[in-house]
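Here is a brief report on sheets, helices and chain contacts. Please read it beside the structure.

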8 protein chains.
Amino acid sequence: MRIETIRAYRVVQPFVGGAYNMSKGRSADAFDSLIVGMTSNTGLTGWGEMAPLGNFYSAAFPAGTRAGVPEIAPHLIGHDPRGLASIGRLMDTVFKGHPYIKSALDMACWDLLGKATGLPVCVLMGGRFGESIRLYRAISQQAPDEMAKKVAQYHEQGYTRFQLKVGGDPDTDIERIGAGPAMLRPTARLVADANTGWTQH
Amino acid sequence: MRIETIRAYRVVQPFVGGAYNMSKGRSADAFDSLIVGMTSNTGLTGWGEMAPLGNFYSAAFPAGTRAGVPEIAPHLIGHDPRGLASIGRLMDTVFKGHPYIKSALDMACWDLLGKATGLPVCVLMGGRFGESIRLYRAISQQAPDEMAKKVAQYHEQGYTRFQLKVGGDPDTDIERIGAGPAMLRPTARLVADANTGWTQH
Amino acid sequence: MRIETIRAYRVVQPFVGGAYNMSKGRSADAFDSLIVGMTSNTGLTGWGEMAPLGNFYSAAFPAGTRAGVPEIAPHLIGHDPRGLASIGRLMDTVFKGHPYIKSALDMACWDLLGKATGLPVCVLMGGRFGESIRLYRAISQQAPDEMAKKVAQYHEQGYTRFQLKVGGDPDTDIERIGAGPAMLRPTARLVADANTGWTQH
Amino acid sequence: MRIETIRAYRVVQPFVGGAYNMSKGRSADAFDSLIVGMTSNTGLTGWGEMAPLGNFYSAAFPAGTRAGVPEIAPHLIGHDPRGLASIGRLMDTVFKGHPYIKSALDMACWDLLGKATGLPVCVLMGGRFGESIRLYRAISQQAPDEMAKKVAQYHEQGYTRFQLKVGGDPDTDIERIGAGPAMLRPTARLVADANTGWTQH
Amino acid sequence: MRIETIRAYRVVQPFVGGAYNMSKGRSADAFDSLIVGMTSNTGLTGWGEMAPLGNFYSAAFPAGTRAGVPEIAPHLIGHDPRGLASIGRLMDTVFKGHPYIKSALDMACWDLLGKATGLPVCVLMGGRFGESIRLYRAISQQAPDEMAKKVAQYHEQGYTRFQLKVGGDPDTDIERIGAGPAMLRPTARLVADANTGWTQH
Amino acid sequence: MRIETIRAYRVVQPFVGGAYNMSKGRSADAFDSLIVGMTSNTGLTGWGEMAPLGNFYSAAFPAGTRAGVPEIAPHLIGHDPRGLASIGRLMDTVFKGHPYIKSALDMACWDLLGKATGLPVCVLMGGRFGESIRLYRAISQQAPDEMAKKVAQYHEQGYTRFQLKVGGDPDTDIERIGAGPAMLRPTARLVADANTGWTQH
Amino acid sequence: MRIETIRAYRVVQPFVGGAYNMSKGRSADAFDSLIVGMTSNTGLTGWGEMAPLGNFYSAAFPAGTRAGVPEIAPHLIGHDPRGLASIGRLMDTVFKGHPYIKSALDMACWDLLGKATGLPVCVLMGGRFGESIRLYRAISQQAPDEMAKKVAQYHEQGYTRFQLKVGGDPDTDIERIGAGPAMLRPTARLVADANTGWTQH
Amino acid sequence: MRIETIRAYRVVQPFVGGAYNMSKGRSADAFDSLIVGMTSNTGLTGWGEMAPLGNFYSAAFPAGTRAGVPEIAPHLIGHDPRGLASIGRLMDTVFKGHPYIKSALDMACWDLLGKATGLPVCVLMGGRFGESIRLYRAISQQAPDEMAKKVAQYHEQGYTRFQLKVGGDPDTDIERIGAGPAMLRPTARLVADANTGWTQH
């Protein structure tokens with residue numbers, strides 16, 4: 001099996017709950033993602049995606065993904081997408097660093113391997129370890145009572161793990177954290193994440 | 001896909017070149033191996049093998065493999081052999097330690113995954129990185145001139161990497177090591193392995 | 001004195017209190033042990049025993065002991081069983097690793113040394129340091145109230161050190177641990193052992 | 001002083017000596033650079049440049065620079081370009097990582113500070129420490145005699161420090177390195193750089 | 001630009017609040033400082049100051065500053081004061097150690113650079129990060145109630161960060177520290193500094 | 001078995017070869033040893049010995065042994081000499097440190113254990129590992145040619161391992177070391193010991 | 001000045017308060033000390049003393065001191081007692097280790113230096129740092145109420161620092177420690193010393 | 001004994017051999033030293049000296065010594081000069097750091113102690129360890145042949161240890177070092193000191 005064509009599509013996916021705010025005024029209201037479609041000589045197409053959270057969250061940015069995939073993709077044409085370590089080593093030789101750019105291409109190779117073998121990728125990665133997972137929700141930074149209201153609402157819907165976005169004025173942060181736990185059922189958990197918005201003191 | 005049957009066969013494979021000797025009088029003249037055949041509900045059979053070098057070479061012994069495989073095998077019946085990490089975790093829970101015993105079963109699962117997907121296992125492990133490999137040969141401990149003769153003979157056949165079994169009387173060992181290099185072509189390599197037969201002094 | 005004969009007997013010893021359960025569903029209801037009888041040219045016989053707790057508790061399994069003792073035993077014939085370090089070094093040369101297999105043979109040598117010299121082994125190991133020891137009891141994993149009942153019962157019989165087998169559902173584990181201390185007299189001690197059934201969180 | 005406009009120009013600068021080759025077949029024949037012009041409200045324009053060596057040399061690639069500068073630039077409008085640490089902290093907040101992208105903008109700020117104060121940037125960076133520097137030259141990977149010829153030629157022109165690009169077939173590399181030193185005058189120096197093309201052995 | 005003249009003036013500046021006392025009877029009632037005026041060939045003069053706290057507070061003493069500046073100053077005549085790293089390296093070559101002496105000269109160079117470029121020094125050092133700062137006050141060691149009175153008084157004036165000089169009799173120190181916090185508004189902070197007047201016990 | 005009587009005898013054993021000299025003028029011409037006889041209630045007597053090399057060689061001195069044994073001995077009366085770890089712990093409780101004093105008593109207990117069991121002590125300590133040992137000889141510090149003559153003489157008698165006592169004037173030491181190796185047969189070994197008579201330089 | 005004569009006297013000094021008991025049944029009722037008188041050619045005599053606490057408290061024992069001083073003393077005759085480092089180096093060369101034995105001789109040298117110069121030794125050791133010291137008292141192990149009574153009694157006499165000898169039965173030790181603090185005035189301190197009579201658990 | 005008066009004299013002592021040059025153009029032609037005379041109430045005077053090698057050699061400079069001694073001296077009046085540790089602690093409290101300034105005062109105290117006791121200071125410091133010392137000579141940086149000539153000349157006079165001042169042009173340094181050893185007798189030693197004039201490469 002050989003890679004014959006690689007196409008990439010930009011897809012902007014607005015957040016259902018509106019702007020996602022964290023400390024230092026950083027905010028995003030959509031995933032600006034890149035969807036990679038990799039087609040083999042056997043007619044199968046594998047799909048991969050890279051969706052950074054704005055430019056500020058990690059050393060990964062949407063425009064960089066769009067710039068980098070076209071640099072790497074031509075080097076993969078003609079190679080067997082099912083040899084994943086071999087593809088990874090090739091990408092590292094022709095393009096140094098930037099794992100977030102390679103991620104969408106790697107994912108598409110896994111998808112091709114799954115489709116070629118007729119197996120879900122989770123089986124090829126070692127097998128499925130369970131049938132369900134707990135729901136987890138990060139709560140965008142807002143006024144404390146708005147955030148408490150959201151925790152209650154999601155808890156109602158079945159979420160049992162919460163992350164509060166804090167990292168602003170310390171007094172307000174204390175209110176944000178204080179409001180949550182009381183309203184949770186015993187086995188639920190709530191943490192606060194300041195995203196570098198706090199100093200050590 | 002489910003594992004339905006696991007069978008194991010003892011196969012004693014005598015060494016072509018006779019006894020394989022190393023330091024401290026340790027010696028073996030065959031691989032006393034166990035071949036595992038794992039059959040799935042789809043009728044496919046995967047094969048694995050465990051072949052320890054006598055009882056003395058590593059913490060793996062033939063009789064132990066034969067004793068252990070029947071302890072672990074029943075726990076695997078009914079599980080999907082293609083989920084390799086899941087199978088590994090299950091084996092570690094029901095049977096602590098002894099990786100050499102689990103090795104043959106693990107290999108049979110990989111083989112089933114390969115057959116089920118119609119792919120060589122090397123592709124599923126990350127792809128093939130080359131088309132050929134250098135030939136390497138360990139030379140059983142004997143009189144220095146016997147060993148030198150063997151190095152020459154194998155070199156003739158195409159071997160270019162050699163390991164001499166030393167670890168006996170120091171003077172004889174010096175002769176063993178000294179005889180080899182002169183007869184090798186420039187790019188060949190020769191090392192000596194005392195297998196704990198030397199002290200630090 | 002020379003070792004002349006080594007015989008080994010499999011002895012399955014059911015637990016008085018029934019199944020012994022620990023975390024992850026691991027359970028055993030007997031010691032499947034191997035008893036080694038080592039007879040010397042002087043007519044004395046020394047005894048040793050190896051009794052692993054199922055296959056899952058440590059890297060020691062009953063079938064492995066039965067497989068390994070016959071591999072090692074022939075090498076000991078003709079050697080002086082009283083030279084314990086010398087016997088140990090010999091066993092390590094002919095058979096790498098697997099100390100649990102060597103344990104029964106080592107114990108039989110100690111027993112022969114004791115019998116040959118007419119001394120209890122504890123004297124040969126450095127002397128007896130006391131006349132009595134505290135009784136210690138591990139409580140198999142069950143419903144919390146069952147376990148509490150057993151602690152009380154054994155305490156009544158004179159046990160003053162307890163280990164509770166936990167490592168299941170956290171809430172149930174909290175009940176298991178909570179029930180015990182209240183019923184113990186001041187100098188008694190109780191610990192809980194999850195046997196890797198808990199994660200760090 | 002405030003930043004009013006930021007413009008960026010792509011400039012491809014072919015290498016005078018043709019392709020620049022290093023180990024693993026990596027090669028470039030031009031700097032594909034981005035020139036940033038930053039204009040202040042006082043009418044001054046500062047210039048900066050980012051010129052990665054292909055995609056493979058470091059975790060910096062030309063297309064990424066072109067993608068990233070437009071993401072960061074709008075955040076700088078209206079800020080004082082002369083406060084360099086303050087500009088740096090702002091860039092790090094709105095855009096995580098990727099120092100090579102920020103480099104051209106930072107350089108333009110330094111240039112504006114120099115022009116605004118009428119001083120060469122080297123003075124603002126601590127002063128000039130000398131009046132001349134030694135010439136240094138990297139020699140692209142080629143046949144050993146080609147490389148030796150180039151070393152001689154550059155030495156003639158005044159270069160006294162050389163770096164040979166090696167990292168291919170070991171025997172050829174030995175020839176590459178061996179040829180150089182003999183032809184150099186006493187105070188000249190020559191090093192070899194395999195650019196990860198050699199293994200530890 | 002070249003340094004043409006360096007003059008230094010001793011200026012004793014009595015403390016508004018009288019003697020400043022710390023542990024072990026150490027006390028000062030003025031800054032005995034040296035003001036350096038550095039004039040360039042362009043007619044500009046930069047100013048620097050070194051004001052040690054008595055002889056006992058750090059390895060810097062007023063008389064030493066007065067002794068050292070005349071040793072270093074002549075070496076700077078004729079050099080460009082704007083090349084600050086270059087000036088620093090020169091001072092380190094002709095005069096080893098004693099950074100407190102070099103400090104006033106360094107400051108004067110920064111001042112000249114600022115005046116020559118028409119920029120406040122804070123811009124040249126990276127930009128201004130804020131428009132205001134919190135007021136901080138060290139309270140000289142006295143009777144506990146005197147110190148508490150001063151904290152209250154300065155708090156009234158707008159100070160919100162306090163340092164109490166302790167390090168005397170432990171019981172008195174406990175009173176000193178105990179009195180403060182109660183009278184502060186929620187966001188204020190108070191620390192105690194024993195200036196090596198306490199032992200580890 | 002109980003210890004009933006402990007007697008100790010001083011025995012001065014002059015060295016056959018006369019004074020034994022090492023660096024810094026340190027010298028001894030005899031072992032001034034203490035022989036301990038320990039008699040049990042069964043009528044057996046075990047023997048031990050402590051023979052320090054003068055006062056200067058290690059933190060053990062003859063007069064100290066003679067002073068210490070009578071301090072410890074009374075505490076051992078009535079104890080079982082065969083429980084060696086138990087005897088050791090008792091000696092450490094009643095008498096802190098000074099292992100060289102306890103050594104003769106410990107040795108006598110081992111001897112009693114051997115006699116009581118009818119076994120050579122080497123068997124009780126783990127068995128005999130060989131039938132012969134190489135002869136080793138330290139050569140007292142003298143003029144280089146005297147020392148060389150002794151090496152030759154002892155070599156003739158069968159010694160194959162030598163230690164030269166050096167640590168005097170460096171030039172003489174060089175002569176001492178230089179003279180030896182030439183006269184030795186291939187498998188012999190010679191080392192030099194300065195006994196702290198050399199500095200690091 | 002030269003050392004001419006060294007004499008040593010054994011002096012047994014019974015404890016005023018009777019037996020001094022610590023953990024593990026260790027007990028002493030006197031200091032069995034050695035007093036050294038060192039006379040110089042100028043007719044001055046310096047005095048030193050070594051008084052170990054039984055044989056069990058540290059690696060120093062009375063009989064060893066009596067045995068060792070006569071071994072070292074002859075080497076000091078004729079040397080200048082005022083050169084203390086020189087005397088120390090000499091003692092270390094002729095007699096390895098055993099600092100407690102050298103202590104009495106060293107002390108006598110200091111005393112001679114003081115007498116020869118007409119100065120108290122504390123001046124020669126760096127000067128006196130105060131005019132008084134706090135009284136400290138170790139309380140021999142007894143029944144808890146006996147010990148509490150002693151603490152009270154010594155406190156009355158002016159002691160303000162106490163050490164309780166514990167290290168027996170834990171419950172009794174808790175009583176010992178509990179009784180003390182309540183009866184002490186605020187600035188007094190009390191610690192407990194088990195002298196290795198407790199295990200880590 | 002009490003300190004009554006402290007006087008200090010500046011004494012410039014020109015070097016017999018003219019300028020003393022080291023790397024980086026650093027040079028001195030005299031010791032610009034401070035001589036301290038400390039007089040006690042008993043009429044004795046102790047002398048101390050501080051003589052830094054220019055301003056550049058260590059963090060000690062002549063003018064600083066002259067500035068610092070008057071700051072510290074008044075605090076010593078009335079104290080006993082013989083209590084050297086006590087004097088040292090006092091100096092450290094009233095004056096932080098600058099050990100080179102305290103050195104002359106400390107030396108004067110030692111001298112007073114010696115005079116008061118009628119002993120040479122070396123006796124009070126532990127005794128004299130020998131009767132002679134080897135002569136050592138640093139050779140000021142000059143042309144290689146000049147330096148070689150000086151080594152020869154001093155060797156003639158009895159010097160056997162030499163230090164060459166290097167740290168200039170590497171080729172010249174090589175000549176400097178090369179010239180020396182040949183002309184020295186076997187037991188002499190010669191080292192080179194670049195005084196930070198060389199980089200690691």
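## Basis of the model

This is a predicted model: local features need pLDDT of at least 70, side-chain atom pairs count only at pLDDT 80 or more, and totals for chains, interfaces and linings use all residues. Residues are numbered from 1 along each chain as its sequence is written, chains are lettered from A and ligands numbered from 1 in the order in which they are written, and side-chain values use heavy atoms, with hydrogens and water left out.

## The antiparallel sheet of chain A

β1, β4 and β5 of chain A form an open, antiparallel sheet of three strands, in the order β1-β4-β5. Strands (E, at least two residues) and helices (H or I, at least four) are DSSP runs, numbered from the N terminus. Two strands pair if DSSP finds at least two bridges between them. At the edges are β1 (3-14) and β5 (45-50) of chain A, each pairing on one side only. From one strand to the next, the twist averages 20°.

β1(A) and strand β4 (residues 30-40) of chain A run antiparallel and share 11 bridges. Val11(A) has Ser33(A) in β4(A) as its bridge partner. Helix α1 (residues 62-76) of chain A packs on this sheet and touches β1, β4 and β5 of chain A. Its direction makes about 10° with that of β4(A). Angles run from 0 to 180 degrees between N-to-C directions, and axes are lines fitted to C-alpha atoms, for helices over the stretch in contact. Contact means heavy atoms within 4.5 Å. Helix α3 (residues 99-117) of chain A also packs on the sheet, touching β1, β4 and β5 of chain A. The direction of α3 makes about 150° with that of β5(A).

## The parallel sheet of chain A

β6, β7 and β8 of chain A form an open sheet in the order β6-β7-β8, with parallel pairing. β6 (136-139) and β8 (189-193) of chain A each have a single partner strand, so one side of each is left without a neighbour in the sheet. Neighbouring strands are turned by 20° against each other on average, direction ignored.

Strand β7 (residues 161-165) of chain A runs parallel to β8(A), joined by five bridges. Gln163(A) stands opposite Val191(A) in β8(A). Helix α5 (residues 144-157) of chain A lies across β6, β7 and β8 of chain A, at about 160° to β7(A).

## Strand β4 of chain C

Strand β4 (residues 30-40) of chain C has nine of its 11 residues buried, so it is largely enclosed by the rest of the structure. Buried means under 20% relative accessible area, exposed over 50%, partly exposed in between (1.4 Å probe, protein chains only).

Strand β1 (residues 3-14) of chain C pairs with β4(C) in the antiparallel sense over 11 bridges. Ser40(C) in β4(C) is the bridge partner of Ile3(C). Strand β5 (residues 45-50) of chain C also runs antiparallel to β4(C), through six bridges. Here Gly37(C) stands opposite Trp47(C). The hairpin of β4(C) and β5(C) has four residues between the strands, and Gly43(C) takes a positive phi near 90°.

## Helix contact in chain H, and chain spacing

The axes of helix α1 (residues 62-76) and helix α2 (residues 84-94) of chain H come within 10 Å and cross at roughly 125°. Ile72(H), His75(H) and Leu76(H) in α1(H) meet Ile87(H), Leu90(H), Met91(H) and Val94(H) in α2(H).

Chain H does not touch chain A; their nearest C-alpha atoms are 30 Å apart. Chain B and chain H do not touch either, with nearest C-alpha atoms 34 Å apart.
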